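Please work through the exercises below with the model open, following each solution one step at a time.

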Amino acid sequence: MKNTRQATIQDVPQLAELFDQYRVFYHKESDIPAATKFLTERIENKDSEIFVAENGREMVGFVQLYPLFSSTRMKRYWLLNDLYVSENHRGKGFSKELIEEAKELAKSTDACGVLLETGKSNDIGNKLYPACGFEIYDEVNFYEWTNK
């Protein structure tokens, strides 16, 4: 049974609560008003695609993808930037369903694929992603510059 669907602007209040939990998980300060504003802007501006997982009427997880482009392939890529399932709903298949939504988005938009990054210490993610068909791409070095 499919427990996932695309998020709408009406989902923002409940989604912002989950998004805030996600940010706190990554050691950011809780800020639900800012989460609400951020998600509203993403949905209204069509900057990202967000899918939610539900258990009955309760929203239990989400995935957010941002569009990128490959110049060499001359196609879109999707960056799976955020994936979160609330702690008491983990291990029930919601993450896999959300990842399947991401893969379906790539297929339906004729994208060349889905990219993601996770920490080397993320044991759960490093088991989940290969189980969902992702492969580690170790042919390049990943660099970051931040404007501090």
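**Exercise 1.** State in which strand Gln64 is found, and decide whether Gln64 is buried or exposed.

*Solution.* Gln64 belongs to strand β3, which spans residues 58-70, where a strand is a DSSP run of E with at least two residues and a helix a run of H or I with at least four, numbered from the N terminus. The model is predicted, local features need pLDDT of at least 70, side-chain atom pairs count only at pLDDT 80 or more, and totals for chains, interfaces and linings use all residues. Residues are numbered from 1 along each chain as its sequence is written, and side-chain values use heavy atoms, with hydrogens and water left out. Here pLDDT is the predictor's confidence in each residue, from 0 to 100.

**Exercise 2.** Find the side chain with which the side chain of Gln64 makes a polar contact.

*Solution.* The partner is the side chain of Asp82, at 2.8 Å. Leaving aside neighbours within four places in sequence, the residues in contact with Gln64 (heavy atoms within 4.5 Å) include Phe19, Phe38, Arg42, Glu49, Leu80 and Asp82.

**Exercise 3.** Identify the elements with the lowest and the highest mean pLDDT.

*Solution.* For the protein chain the mean is 94, with 99% of residues reaching 70 or more.

Definitions and conventions: Polar contact = N/O pair within 3.5 Å; in protein donor to acceptor, adjacent residues only side chain to side chain.
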